[in-house]
Amino acid sequence: MTDCSQDDLKDIGGFHFACRGEDIVIALRYWPRLILGKIGEDFSINIETPELLDTNALNNDKKADRTIYYTSVTMGDDRIVAQYYGFPQRLTQPFPVNLEGQNLKFKIEVYDKSLSPIIQYDPQSDFNRIFLDDNRHRIFYWDAFDDFEKLKQITLP
């Protein structure tokens, strides 16, 4: 990534990204940030707002409590869909992993291509996997802990 210090890039922790053409959106795992950029001809990523990746401005206490914000993001021609969590991660407990009492409810956030919010959905299901269908203006999703045959959909405004 250009315009960002290498130290900041090391400190941001996990992230997920999606791209469409030369546009890219990066979803940070440990901070509530979605960041837009462009992919250069040399495959460098040019961040439009590099100040959002300045780890001096980020709350490192939040990273320490392992709150997870964005777990995945996808991009269409005119919309960005992000899966938002917003709770501390407790899945790294010693094995066997005990999910009893763990909140695994995710929200689905929809933005336009400039990251202006459009709507937030609360599907009341666990670990969603999402797919944005630009042509039909729908989000298809399924609960990874539920029957994989139960594909659900949301019609976008």
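This is a predicted model: local features need pLDDT of at least 70, side-chain atom pairs count only at pLDDT 80 or more; totals for chains, interfaces and linings use all residues.
Colleague: How many bridges join S1 to S2?

Modeller: Strands of a sheet pair through backbone hydrogen bonds, in either a parallel or an antiparallel manner. S1 and S2 run antiparallel, and one of the links between them has His16 with Ala27 of S2 as its bridge partner. The number of bridges joining S1 to S2 is six.

Colleague: Which strands are the edge strands of the open sheet?

Modeller: The open sheet has four strands with antiparallel pairing, in the order S1-S2-S3-S4. An edge strand here pairs on one side only, and that holds for strand S1 (15-20) and strand S4 (45-47).

Colleague: Is Ile24 buried or exposed?

Modeller: Ile24 has its place in strand S2 (residues 23-28), and beyond its neighbours within four places in sequence, its contacts include Phe17, Ile35, Ile45 and Met75. Its relative accessible area is 2%, and the cut-off for this class is under 20%, so Ile24 is buried.

Colleague: Why is the pair of Tyr70 and Tyr84 called edge-to-face?

Modeller: The pair links distant parts of the chain, with Tyr70 in strand S5 (residues 67-75) and Tyr84 in strand S6 (residues 79-88), 14 residues apart. The ring centres of Tyr70 and Tyr84 lie 5.4 Å apart, and pairing requires centres within 6.5 Å. Planes over 60 degrees apart count as edge-to-face, so the class follows from the angle between the planes of Tyr70 and Tyr84, which is 70°.

Technical notes: Residues are numbered from 1 along each chain as its sequence is written. Side-chain values use heavy atoms; hydrogens and water are left out. Rings of Phe, Tyr and Trp (its six-membered ring) pair if their centres lie within 6.5 Å; planes under 30 degrees apart count as stacked, over 60 as edge-to-face and the rest as tilted. Helices (H or I, at least four residues) and strands (E, at least two) are DSSP runs, numbered from the N terminus. Buried means under 20% relative accessible area, exposed over 50%, partly exposed in between (1.4 Å probe, protein chains only). Contact means heavy atoms within 4.5 Å. Two strands pair if DSSP finds at least two bridges between them.
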